[in-house]
Amino acid sequence: MDSRLAKDIMKLMAVNKDEIYAILEMLDPRNIGSGEIHITEELINKGLWEFVKEKAGDRLDDYTVHFDGGRIYLEVITKIMVKVKINMVITVKSLEFDGNGHRLTFTYEKGANSPGNTLIPKALEKVAEKNPTLMMVKGNLVVINIDGFMISKDIPYWLTLTYLNAIAGKLKLGYRIIG
């Protein structure tokens, strides 16, 4: 590992120490050693709650994420005018996450019967219309350009991630450190 990469890793850890501690506390070292990161539902639903809530603001009341059978089940309770429950089932098609860019492509289905589910297509299309550099929607196919978000400047250039699976309560990602 070169000294620039080591310095960049230390800087990233120092700037994001609270979030990194919460994440590291929930990761299994056996998976890390094999080049995989297993992100648990507990980490997403509890460990990152404050971070997600801060970014979403008053619009988000609650959310739950479940990983199983290669799919991501998402339930969101949001406040648009009134509280609305939205259920989505997401199937990741690809995750491009490397020095060339950061993009997530997935398809979605409306989940369990909920009146809020009728809002999903319109809401996604509206976001894509307002922010075409961030998101593209074509039917139920969604492409999110992670580089278009403010957080992209904090993504380390030396980190490469690949989507492996979503199963048994875990989102499984492969990782490599390039440097």
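Tutor: The answer below begins with the salt bridges and then turns to the strands, the surface and the core.

The model is a predicted one, in which local features need pLDDT of at least 70 and side-chain atom pairs count only at pLDDT 80 or more, while totals for chains, interfaces and linings use all residues. Residues are numbered from 1 along each chain as its sequence is written, and side-chain values use heavy atoms, with hydrogens and water left out.

A salt bridge here is a side-chain nitrogen of Lys or Arg within 4 Å of a carboxyl oxygen of Asp or Glu. By this rule the model has four salt bridges. One of them joins the side chains of Lys79 and Asp61, with 3.8 Å from N to O. Lys79 belongs to strand β3 (residues 71-79) and Asp61 to strand β2 (residues 60-68), so this pair ties together parts that are 18 residues apart in sequence. Strands (E, at least two residues) are DSSP runs, as are helices (H or I, at least four), and they are numbered from the N terminus.

Asp61 also forms a salt bridge with Lys83, where the closest N and O atoms are 3.1 Å apart. This second pair links distant parts of the chain, since Lys83 is in strand β4 (residues 83-98) and Asp61 in strand β2, 22 residues apart.

Lys83 is exposed, with a relative accessible area of 56%.

A further salt bridge brings together the side chains of Arg103 and Glu96, at 4.0 Å from N to O. Arg103 is partly exposed at 38% relative accessibility, and Glu96 is partly exposed at 40%.

Strand β4 also holds Asn87, which is buried, with a relative accessible area of 8%. Contact means heavy atoms within 4.5 Å. Leaving aside residues up to four places away in sequence, Asn87 touches several residues, including Leu74, Glu75, Glu109 and Ile120.

Ile80, Met81, Val82 and Leu119 make a nonpolar surface patch of about 460 Å². Patches consist of residues with over 30% relative accessible area and no salt bridge, like charges being joined within 9 Å and nonpolar side chains (Val, Leu, Ile, Met, Phe, Trp, Tyr) within 5 Å. Accessible areas come from the Shrake-Rupley method with a 1.4 Å probe, and for residues only the protein chains shown count as cover. Met81 lies in the loop between β3 and β4 and is exposed at 81% relative accessibility.

Consider next how strands pair, which requires that DSSP find at least two bridges between them. Strand β5 (residues 101-110) and strand β7 (residues 141-145) pair in the antiparallel sense over five bridges, and Leu104 stands opposite Ile144 of β7. Strand β6 (residues 135-138) pairs with β7 as well, again antiparallel, over four bridges. Met136 has Val143 in β7 as its bridge partner. Two residues separate β6 from β7 in a hairpin, and Gly139 in the turn has a positive phi of about 65 degrees.

Strand β9 (residues 170-177) has two partners to consider. Strand β1 (residues 36-40) runs antiparallel to β9 and is joined to it by five bridges, with Glu36 opposite Gly174. Strand β8 (residues 159-167) is also antiparallel to β9, through eight bridges, and Asn165 stands opposite Lys172. β8 and β9 form a hairpin with two residues between them, where Ala168 in the turn has a positive phi of about 50 degrees.

Finally, there is the interior. A nonpolar core is a set of buried Ala, Val, Leu, Ile, Met, Phe, Trp, Tyr and Cys residues joined through side-chain atoms within 4.5 Å. The largest such core has 37 residues, of which Ile72, Leu124, Val142, Leu161 and Leu171 touch the most other members. The largest share of this core, seven residues, comes from β4. Leu161 touches Ile37, Leu95, Phe97, Leu173, Gly174 and Tyr175, not counting residues up to four places away in sequence.

Conventions: Buried < 20%, exposed > 50% of the residue type's maximum accessible area, 1.4 Å probe, protein only.
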